[in-house]
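Reader: Could you take me through one part of this model at close range? I would enjoy a connected account.

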2 protein chains.
Amino acid sequence: MASRVGNAHPTIVFGELSGKVVAFKVGLLGLGTVGTGTVQLLQDRAGRHSLMQELEIYRVGVRSLDKPRAVNLPDGILTTDLQAIVSDPEVEIVVEVLGGLEPARSLIMEAIAHHKHVVTANKAVIARYGNEIFDAANAAGVYVMLEAAVGGGIPVIQPLKQTLGVNRIHAITGIVNGTTNYILTRMQAEGSSFDDVLADAQKLGYAEADPTADVDGLDAGDKIAILASLAYGGRIKLPDVYCEGIRQVSQTDIAYAHKLGFTIKLLAIAQRETPSAPSASSAPSAPLLSVRVHPTLIPQSHPLASIHGVYNAILVEAEPLGQVMFFGPGAGAGATASAVVSDILNVAAVLKTGHLETESASLHPLLACTHQDYCAIAPMSELVTRFYARFLTKDHPGVIGKLGTCFGSHGVSLESVVQTGIHKHLAEIVVVTHNVREGDFHQALAEIRQLEAIDSIPSILRVLEEGSGE
Amino acid sequence: MASRVGNAHPTIVFGELSGKVVAFKVGLLGLGTVGTGTVQLLQDRAGRHSLMQELEIYRVGVRSLDKPRAVNLPDGILTTDLQAIVSDPEVEIVVEVLGGLEPARSLIMEAIAHHKHVVTANKAVIARYGNEIFDAANAAGVYVMLEAAVGGGIPVIQPLKQTLGVNRIHAITGIVNGTTNYILTRMQAEGSSFDDVLADAQKLGYAEADPTADVDGLDAGDKIAILASLAYGGRIKLPDVYCEGIRQVSQTDIAYAHKLGFTIKLLAIAQRETPSAPSASSAPSAPLLSVRVHPTLIPQSHPLASIHGVYNAILVEAEPLGQVMFFGPGAGAGATASAVVSDILNVAAVLKTGHLETESASLHPLLACTHQDYCAIAPMSELVTRFYARFLTKDHPGVIGKLGTCFGSHGVSLESVVQTGIHKHLAEIVVVTHNVREGDFHQALAEIRQLEAIDSIPSILRVLEEGSGE
């Protein structure tokens, strides 16, 4: 780790410090929205935790020195040599807020190799390369902190590591992508189409020019992989995470869902497949999980149904705790900077206890991510859930009976059937099923597609399963 | 602190431990609901954080050895000598779940004097004696942890200490007493009276035989004092906390509030009186606060309006974070045990880093409560808020004009006036004001009481102020 010797005369003196005058030197990689918010927060310490006075912005790595900046930094702090920051013996904590996979990943790995602690907001890198990053960090005896990677400023990563760790987590159900929640909220409120709202969201800066990562559920997939890994104490292979986005959510389905008492939300879900049967041995074993992202019909009375706009919320169902929910801004410079700086503070606090200076000391077991086994992820065909499906049928009389027969022969039991709409001379039938194995449901659908009366099946959506926490 | 020497052969061996086989010996004071939940959680470690395997239930102090218990403990663990537990050199962490002021307070003080770390769920003791307890703990170099004291199992204390500490907290607004929220929820849903619902809640075990602490807002007062102290980094004198309970909330007012778009909740509020003007100096200074508990009309769209039954929720408004809300079960054996054991784990984790074994080490600055200054609390007369008031008037015509004149002469501006009800030959007038200084409002009321047309003023309630977070 970075030497603390010779730090008695920090470049910048931060008011009066009680006790040892030692600043923790922070090397910041990136000065975009989050980086700028982080600098602003570190420069404005009045009325915040007193430990913040011991944090020093030592270097800030940027692409261009000439670009106008919203923050003032003393001469010599800005540099285009990011490599030099992660290898500088003076730097103790490297904060990566570059975003994107490279050079972020390589710089994080190099920082760790130089025994720096790392704070990152980069869910994409952590979800993809968490295994090598945490292996390296644990070997080097440094922390990699990621509060800002999920839920913006909402404290959820540290509570999962610390306070919720004594629980067996049954399920984590989250609205963790603000862009898609904003789009769905507006589609719901205004009756507009996905394409129209997306175009407007892009104009307003709520959606990227290339919206793929958000609207196809990939960003939410990265985040639920990270949450699942922390909640279940095992690594997650990202390709095992099923991701379905909101492009196919139509106004027609939003209206039907509303009539049936549901709201459509893009949910990121991680759940234990056998929540009621923990292993008899006292050794913690990685459970079989379902980890997935998809648009979901949820009852209007569900706590997540009232999370609107760009807000995020994460509902944790745990034993013996019960249901807890965390709600707040999922993005934005201030919120994300709050999470980044709280991570820096958490590392500084542990370093201040001096523990890494002793021979026998180990990494703080509630800050470090030391699990190495991979979680077993169940295939989607094994998922037990409810479904919503919308059929267009040519041949009105008798078709419901035929649908019911096909479903029944595959063990799919129907909770409700609505047959109201007429659309281009076709009748519209909407069904909601009880809990069913996803594989069985798809087999029934394959059979239904063969029926002559069926014109098409424009929508298939999942409905939140019956039973809380399962 | 308790010696770790000689712990190599713990009484109970907890499966295979990696590295050093050292158990953290826990002395539990109390085996009531929360104590029993704590033992059950500590005895059932599969699928929870692996560090739990290093916690050992070493002694459990109870009043009677003969009482039947819901948990099995090895011989010699149960004892009626609580004094012996807090002074036992083997015990490293004392968990106080006795409740009540004495002997809880004295045992906590003695445990600290014997260099034990303390975990407590006792909001009454902490709110009253926090000053002497934290002084003693800081002098002895031990931690006093209190996650279970507020919000049951909801992680809110640690997030306030750690993740939110980098923020300037503008306001904390909480539903922190499950009993009163249960009563108000049922009054709202059923149209029943306070007395009827209270009697039923007592039968169902949701309210104590002596409901004073809950229904008069005292329990919520203890809790908001604790939250304010952590959020603002200063001590709170409990008598400075204004507490008004829900006994006077009538069905008539609930109905009027509903018509006006409000829900009545017992809110515990701590807010910075000058949120937009932090001091220019970088030294953190204790801000002027308003800390109070009272029934409050909140807009039906407010996040706290949909918190029903015994659930708790805490809304934090902070800069630069924005609004975050924590929601979950505010009581119950499992939820509270979750918080208690997470505190034990947090202490064990810090001890495991070995920091207190080094000369230069200090207490972990995000776990310890080291602030010593007292917060300045503004008197209620200085509060700026909105009011709801219901008047019974004898003399219908012209009375609204007279009311308006009295209010106007004290700078009270009215947002709405409703004049509909007839009650025993008296007209009923309900007003909601804009933001007003509480002292000015009461001066206007004193004048209004002198009006011949006024029969009585049955209800005066506060309405959540205009503007978010102020």
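Author: Let's start with helix H7 of chain B, residues 194-204, where B:Phe194, B:Val197, B:Leu198 and B:Ala201 are buried. Helices here are DSSP runs (H or I, at least four residues), as strands are (E, at least two), numbered from the N terminus. Buried stands for under 20% relative accessible area, exposed for over 50%, and partly exposed for anything in between, with a 1.4 Å probe and protein chains only. Those four residues share the same side of H7(B), because they cover an arc of only 100 degrees around the axis; the arc is taken from the directions running from the helix axis to the C-beta atoms.

A word on the background: this is a predicted model, where local features need pLDDT of at least 70, side-chain atom pairs count only at pLDDT 80 or more, and totals for chains, interfaces and linings use all residues. Residues are numbered from 1 along each chain as its sequence is written, chains are lettered from A and ligands numbered from 1 in the order in which they are written, and side-chain values use heavy atoms, leaving out hydrogens and water.

Back to the helix. What do its buried residues pack against? Helix H6 (178-190) and helix H8 (212-215) of chain B are the partners of the buried residues of H7(B), with contact meaning heavy atoms within 4.5 Å. Turn to the other side of H7(B), and you find B:Asp195, B:Asp196 and B:Lys203 exposed. Finally, follow the chain just past H7(B): there B:Gly205 adopts a positive phi of about 85 degrees.
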